[in-house]
Amino acid sequence: MTTWRYAASSDVGLVREINEDSFLVTPDIAIVADGMGGHAAGEIASAIAVEVVANVFTVEPTASGLRDAVAAANDAIRDDALAHPERAGMGTTVVAVALVPTSQGLLPTVINVGDSRAYQLRDGAMRQITLDHSVAEEWVRQGRLSPEEAAVHPRRHQLTRTLGVEGLSEPDVFPLALEPGDRLLLCSDGLSNEVSDDEMASLASSPYSLEEATANLVAMANHHGGRDNITVVLLEFDEVSASAPVSTTGVVAVTPMDVTPAPAAVQPAPEITSAAVPRTARRRTKRFTWRTALFLITLFAVLGSTFFVLRWYANSNYYLASNGTTVTIYQGQPGGFLWFKPKEVQGTTYLVTQLRPGDQQSLALTISEASVEDAISYATYLHNQWVIEQTNGGGTTTTTSSTTTTAAG
Ligand code: MN
């Protein structure tokens, strides 16, 4: 035989108007359900779940009977919502432990949908044996979050599976490895959200009796704010005739994976979640890359064209100037432009002193030309003007008139 004693308590908490949690304990099954939905519909959903799961399991007391029980409860909730449109969208979690007859004896078996939890307690230590069906917890199963990150993640309360919602009611079902003296705590999130694991472990364990322990737990949840309905069912196993194989060191392990078959292994995450998550992540990465690339391309285009315009302007001019001795052709803006310095592109053989004095002054101020060729020919012209002047031995005026005379003659 496997037998348990139990104590249970359900409290509305300090904030909510009504208590939408339900629970039921018989000699064969203990159930906690946390209902949700407006107009007190959550209360109805959780009550239906508790009643239907217990009834179906009584008729079909097997592990698959537990699955059938959850499916039947899901149907019953949806039928009720169709019959009462004001209850549309109502749903509930379910966590239960049932004693399933096997050839060895009664095997304690857990079934879970949603984020109500089961914990196992032994020698003052406690471990969570269910995994929440929340977005954050599914991400932990996929390796995208650590359990510590999930515990504070904003989407830890967003359920991925509930009863009452089509296609999202697939339960985790797994047997437990228990010993006489072990306690099992079933609770709604109104307890687990308010009370730390350490507090729960000490308050739920001996020397406290089952009745003291349940009262302790509810009082502590209210002490921390009581923001949700609080339901606690605490079982103590006096005899255990059948048990799941213990795969590792014992009950005090930290994660749910260690001792019992992990629910995640039994039940893969629903497709809707696992498909949706990477797509979001991919799209985010892609958008980031494209926006960055576009920004960089635009930036380089602007910088590049600005650079070319500036360089074109800087180099678009040629001028004649003195390099100190001879007439020289430079490319660039006289005196430079920004960081572009003029550069010498062509020397001439004409000494600066071999220009007329006025031209020497002009040369000191630089003389702009459109091309190297223009600059060369103008330098030659200036030099020739000086040669003519030297030949005629006269001043500028004389040269001019002489030239005029020559042209006329
Ligand atoms: Mn709740």
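## Briefing on a predicted model with a manganese site

Alanine 71 is partly exposed, with a relative accessible area of 36%. The model is predicted. Its secondary structure comes to twelve helices and 15 strands. Of the 409 residues in the protein, 45% are buried. Among contacts with a separation of 6 or more, 66% are between residues 24 or more positions apart.

- Alanine 71 sits in helix H2, which spans residues 63-83.
- Glutamate 170 is 99 residues away from alanine 71 along the chain, yet their C-alpha atoms are separated by 8.0 Å.

**Manganese site**

- Three aspartates coordinate the manganese ion: Asp34, Asp189 and Asp228, each through OD.
- Along the chain, the donors follow the spacing D-x154-D-x38-D.
- Aspartate 34 lies in strand E3 (residues 29-36), and aspartate 228 in the loop between H7 and strand E11 (230-239), so this pair ties together parts that are 194 residues apart in sequence.
- Both aspartate 34 and aspartate 228 are buried.

**Packing of H6 and H7**

- Helix H6 covers residues 197-204 and helix H7 covers residues 210-223.
- The two helices pack at an angle of about 150°, and their axes are 8 Å apart.
- That angle makes H6 roughly antiparallel to H7, because angles over 145 degrees count as roughly antiparallel.
- On the H6 side, the contact uses Glu199, Met200, Leu203 and Ala204.
- On the H7 side, the contact uses Ala213, Asn216, Leu217 and Met220.
- By class, the contact has six nonpolar residues, one polar and one charged.
- Met200, Ala201, Leu203 and Ala204 are buried in H6.
- The cover over the buried residues of H6 includes strands E7 (117-122), E8 (125-128) and E10 (183-187).
- Helix H5 (189-192), H7 and E11 also belong to that cover.
- The loop between H6 and H7 holds proline 207.
- Serine 206 and proline 207 are joined by a cis peptide bond, with omega about 15°.

**Aromatic pairs**

- The count of aromatic pairs comes to seven.
- The ring centres of tryptophan 4 and phenylalanine 237 are 5.7 Å apart, and the planes stand at 90°, so the pair is edge-to-face.
- This pair links distant parts of the chain: tryptophan 4 is in strand E1 (residues 3-11) and phenylalanine 237 is in strand E11, 233 residues apart.
- Tryptophan 4 is buried at a relative accessible area of 11%.
- Phenylalanine 237 is also buried, at 0% relative accessibility.
- Tyrosine 319 and tyrosine 330 have ring centres 5.5 Å apart and planes at 20°, so their pair is stacked.
- Tyrosine 319 lies in strand E12 (residues 318-322) and tyrosine 330 in strand E13 (residues 326-331), so the pair ties together parts that are eleven residues apart in sequence.
- Tyrosine 319 is buried, with a relative accessible area of 6%.
- Tyrosine 330 counts as buried at 15% relative accessibility, because the cut-off for buried is under 20%.
- Phe307, Phe308, Trp339 and Phe340 are linked into a cluster by ring pairs.

**Histidine 153**

- Histidine 153 is placed in the loop between helix H4 (147-152) and strand E9 (172-175).
- Histidine 153 counts as buried, at 17% relative accessibility.
- Leaving out residues up to four places away in sequence, histidine 153 touches Ala136, Trp139 and Leu145.
- Histidine 153 and glutamate 137 are 16 residues apart in sequence, with 9.3 Å between their C-alpha atoms.

- Aspartate 123 has a phi near 55°, a positive value in a residue other than glycine.
- The loop between E7 and E8 contains aspartate 123.
- Aspartate 123 is exposed, with a relative accessible area of 78%.
- Leucine 338 is not a glycine either, and has a positive phi of about 50°.
- Leucine 338 lies in the loop between E13 and strand E14 (343-351).
- At 48% relative accessibility, leucine 338 is partly exposed.

Key. Residues are numbered from 1 along each chain as its sequence is written. This is a predicted model: local features need pLDDT of at least 70, side-chain atom pairs count only at pLDDT 80 or more; totals for chains, interfaces and linings use all residues. Side-chain values use heavy atoms; hydrogens and water are left out. Axes are lines fitted to C-alpha atoms, for helices over the stretch in contact, and angles run from 0 to 180 degrees between N-to-C directions. Helices (H or I, at least four residues) and strands (E, at least two) are DSSP runs, numbered from the N terminus. Angles under 35 degrees count as roughly parallel, over 145 as roughly antiparallel, 65 to 115 as roughly perpendicular and the rest as oblique. Contact means heavy atoms within 4.5 Å. Ala, Val, Leu, Ile, Met, Phe, Trp, Tyr, Cys and Pro count as nonpolar, Asp, Glu, Lys and Arg as charged, and the others, Gly among them, as polar. Donors are N, O and S atoms within 2.8 Å of the metal (3.2 Å for Na, K and Ca); water is not among the atoms, so sites may look incomplete. Buried means under 20% relative accessible area, exposed over 50%, partly exposed in between (1.4 Å probe, protein chains only). Rings of Phe, Tyr and Trp (its six-membered ring) pair if their centres lie within 6.5 Å; planes under 30 degrees apart count as stacked, over 60 as edge-to-face and the rest as tilted.
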